[in-house]
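Hi,

Here is the structure I promised to pass on.

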Amino acid sequence: NCSWVSQWTFTLLASALFRNHTLMLPSVRVHNPEHGEYPRNDCVVHFGKASERLRARTPEHAHDCFPGPMVRGHVYGKGMLGPTSYLPWGKPRPKGRGPAAV
């Protein structure tokens with residue numbers, strides 16, 4: 001199981017609906033010094049299934065908006081080997097006018 005599937009789904013939806021934007025809520029501050037115990041096994045598999053469900057509900061030309069999880073590498077921590085990231089990194093672009101405008 002994986003407790004992060006809802007977060008994955010929300011992230012994909014937000015990324016598809018607000019492409020090339022960073023969603024911010026400055027009034028909220030998150031402090032997460034330590035992870036608790038919760039289901040997080042097989043997250044890559046569950047993320048992939050969530051991505052497939054979203055692609056199945058959208059027109060074919062929008063399927064690229066809902067990528068599957070990517071494993072860019074692995075890191076060893078707390079006695080476990082796990083993936084380092086699930087989504088590809090974007091390329092930053094400056095605000096401005098013309099073709100580079102966001």
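Which residues in H1 meet which residues in H2? On the H1 side they are Val 5, Trp 8, Thr 9, Leu 12 and Leu 13, and on the H2 side His 46, Phe 47, Ala 50, Ser 51, Arg 53 and Leu 54, where contact means heavy atoms within 4.5 Å. By class, that contact has 7 nonpolar, 3 polar and 1 charged residues (Ala, Val, Leu, Ile, Met, Phe, Trp, Tyr, Cys and Pro count as nonpolar, Asp, Glu, Lys and Arg as charged, and the others, Gly among them, as polar).

Some housekeeping before the rest. This is a predicted model, in which local features need pLDDT of at least 70 and side-chain atom pairs count only at pLDDT 80 or more, while totals for chains, interfaces and linings use all residues. Residues are numbered from 1 along each chain as its sequence is written, and side-chain values use heavy atoms, with hydrogens and water left out.

Overall, the protein chain has 2 helices and 2 strands, in the order α-α-β-β from the N terminus. Helices (H or I, at least four residues) and strands (E, at least two) are DSSP runs, numbered from the N terminus. Of the 102 residues, 18% are buried (under 20% relative accessible area; exposed is over 50% and partly exposed in between, with a 1.4 Å probe and protein chains only).

Back to the helix pair. The axes of H1 (residues 5-17) and H2 (residues 43-56) come within 10 Å and cross at roughly 40°; axes are lines fitted to C-alpha atoms, for helices over the stretch in contact, and angles run from 0 to 180 degrees between N-to-C directions. H1 and H2 are therefore oblique to each other (under 35 degrees is roughly parallel, over 145 roughly antiparallel, 65 to 115 roughly perpendicular, the rest oblique).

The largest nonpolar core has 11 residues: Cys 2, Val 5, Trp 8, Leu 12, Ala 16, Cys 43, Phe 47, Ala 50, Leu 54, Cys 65 and Phe 66. Such a core is a set of buried Ala, Val, Leu, Ile, Met, Phe, Trp, Tyr and Cys residues joined through side-chain atoms within 4.5 Å. H1 and H2 are the elements that give two or more residues to this core. Leaving aside residues up to four places away in sequence, Leu 54 touches Thr 9, Leu 12, Leu 13 and Phe 66.

Lastly, Pro 39 sits in the loop between H1 and H2. Its C-alpha lies 4.9 Å from that of Cys 2, though Pro 39 and Cys 2 are 37 residues apart in sequence.

Cheers
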